[in-house]
Amino acid sequence: MTFGERLYELRNKNNLSQEELAEVLDVSRQSISKWENDKAYPEMTRLLFMSDYFDVSLDYLMRGIEKENNEEKVTADDADKNSNDKYKTKNILLVWNNFLSNLSPKQKTLFMLLYVLIICSLVALIVSVIYLGGYEIGKFIGYLTK
């Protein structure tokens, strides 16, 4: 069995369409089709994500070698309930990681500058709120002591 056949089998076993899997992996439906037809292969980050998502080893996903697993399996209903939120979060992190890794060095520098600027702005806002709150409390105490 090829990688594409295993991916097709896993996708169908989990009742996912190509569109749904493409959305989870943040790729086009055509990419899924190419993978399933063994015309292309996904990048390593997506392979790792698919391995976790389908709860199979990379060996099984890429070579069809199943490892022995003595762990208790979660029921399909429990897995469906917990996996959607878990994998949406992982998908967001995957997209963010891909975004950051595709930035040029100049863009990374500008991005870090933006981070520093945002953090400084937040610190200034917090200090201002604390200062103004303290000032108003001080005025109130002054009125009470008169």
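Is Y115 buried, partly exposed or exposed? Y115 is partly exposed, at a relative accessible area of 36%. Buried means under 20% relative accessible area, exposed means over 50%, and partly exposed lies in between (1.4 Å probe, protein chains only).

This is a predicted model, in which local features need pLDDT of at least 70 and side-chain atom pairs count only at pLDDT 80 or more, while totals for chains, interfaces and linings use all residues. Residues are numbered from 1 along each chain as its sequence is written, and side-chain values use heavy atoms, with hydrogens and water left out.

**View 1. The protein has seven helices and zero strands.** From the N terminus on, the elements run α-α-α-α-α-α-α. Helices (H or I, at least four residues) and strands (E, at least two) are DSSP runs, numbered from the N terminus. Of the 146 residues, 24% count as buried. The protein exposes about 11100 Å², and carbon and sulfur atoms supply 59% of that area. Accessible areas come from the Shrake-Rupley method with a 1.4 Å probe; for residues, only the protein chains shown count as cover. Among contacts with a separation of 6 or more, 55% join residues 24 or more positions apart. Contact means heavy atoms within 4.5 Å.

**View 2. Helix 1 spans residues 3-13.** Its buried residues are F3, G4, R6, L7, L10 and R11. Seen down the axis of helix 1, these residues fall within an arc of 160 degrees, so they line one face of the helix. The arc is that of the directions from the helix axis to the C-beta atoms. Helix 2, helix 3, helix 4 and helix 5 (58-63) are included in what covers them. N15 follows helix 1 and has a positive phi, near 55 degrees.

**View 3. D26 and D38 are loop residues with positive phi.** D26 sits between helix 2 (18-25) and helix 3 (29-36). Its phi is near 60 degrees, a positive value in a residue other than glycine. D26 counts as partly exposed because its relative accessibility is 41%. D38 lies in the loop between helix 3 and helix 4 (44-53). Phi of D38 is near 55 degrees, again positive in a residue other than glycine. D38 is partly exposed, at 29%.

**View 4. F49, Y53 and F54 form one aromatic cluster.** A pair of aromatic rings is described by the distance of the centres and the angle of the planes. Rings of Phe, Tyr and Trp (its six-membered ring) pair if their centres lie within 6.5 Å; planes under 30 degrees apart count as stacked, over 60 as edge-to-face and the rest as tilted. The count comes to four aromatic pairs. The rings of F49 and Y53 have centres 6.0 Å apart and planes at 20 degrees, so this pair is stacked. F49 and Y53 are four residues apart in helix 4, so about one helical turn separates them. F49 is buried, with a relative accessible area of 5%. Y53 is also buried, at 18%.

View 5. L103 lies in the loop between helix 6 (76-101) and helix 7 (105-145). L103 touches K108 and F111, not counting residues up to four places away in sequence. At 14% relative accessibility, L103 counts as buried.
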